[in-house]
Amino acid sequence: SAGAAVIRLALPLAEINEDIRDFRRRLWMALLVILILAGGASLLFSRALAGRIARLRQFSERVARGDFRPISVERQGDELTDLGHTLNETAAHLEQTIVSLTEERNRSAAILRGMVEGVAVIGPEGRVAFLNEAFCRVAGVEAAQSEGRSMVEVIRQSDLLVVIQQALAGKETSGSEVTLAGAGGARHSFVATAAPVRAAGAGADSPGHAAGAVLVLHDISELRRLE
């Protein structure tokens with residue numbers, strides 16, 4: 001009978017180990033390249049994102065300084081793009097509001113300056129906010145040197161101070177007659193009307209919530225002389 005034959009094929013162990021080491025080296029090199037590329041892409045993305053956020057911050061600082069020029073918005077369609085559009089709309093609305101308030105203030109100031117009656121506006125903490133020319137003549141003061149100062153320093157007449165203090169306390173005073181000494185010692189009679197300026201959110205009848213007061217003096221000296 002014929003005997004069984006066995007054929008054994010094999011590679012040297014050293015050659016297999018070298019192939020494994022070569023595979024590992026290639027794997028590590030591929031991982032290193034992927035890591036470098038991912039790190040570079042992340043760095044570029046983070047820098048671009050930081051730059052966009054910095055531009056939005058600079059824009060908000062410009063708006064705070066009164067510069068309402070719109071910011072250029074990238075067309076990337078993400079949350080920062082939406083935020084940029086919203087900030088531009090907010091800045092435009094603020095600019096329009098400030099322009100409207102400035103025009104209204106200028107009109108009001110022009111009207112008050114042109115009034116024959118003396119007008120004084122007392123702001124928070126009892127400081128003079130506005131004096132028209134007629135009031136300056138009556139009180140013998142200058143508007144430029146008086147605005148921003150305490151009313152006690154500017155208005156030396158005790159009768160007027162009492163009327164203003166009542167208005168600051170939330171009480172409206174109408175028809176109070178006061179006598180003031182004008183130039184040369186001549187005395188003039190005035191009807192003083194003072195109205196409180198209510199703080200935001202305070203009711204019209206809520207005492208103690210006046211943020212300021214408006215005082216109007218109507219000269220009745222000629223009427224008293226005729227009487």
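Which side chain meets that of R225 in a salt bridge? The side chain of E222 does, at 2.4 Å from N to O. A salt bridge here is a side-chain nitrogen of Lys or Arg within 4 Å of a carboxyl oxygen of Asp or Glu.

This is a predicted model, in which local features need pLDDT of at least 70, side-chain atom pairs count only at pLDDT 80 or more, and totals for chains, interfaces and linings use all residues. Residues are numbered from 1 along each chain as its sequence is written, and side-chain values use heavy atoms, with hydrogens and water left out.

By the salt-bridge rule the count comes to eight. Three of these pairs are set out below.

| Pair | Closest N and O atoms |
|---|---|
| E61 and R57 | 3.0 Å |
| R62 and D67 | 3.4 Å |

Helices are DSSP runs of H or I with at least four residues, numbered from the N terminus. R225 and E222 are three residues apart in helix α7 (residues 221–226), so about one helical turn separates them. E61 and R57 both lie in helix α1, four residues apart, about one turn of the helix.

Exposure is given as relative accessible area: buried means under 20%, exposed over 50%, and partly exposed in between (1.4 Å probe, protein chains only). R225 is exposed because its value is 57%, whereas E222, at 44%, is partly exposed. E61 is partly exposed at 36%, and R57 is partly exposed at 45%.

Elsewhere, D22, R25 and R26 are linked in a network of salt bridges.

Methods: Helices (H or I, at least four residues) and strands (E, at least two) are DSSP runs, numbered from the N terminus.
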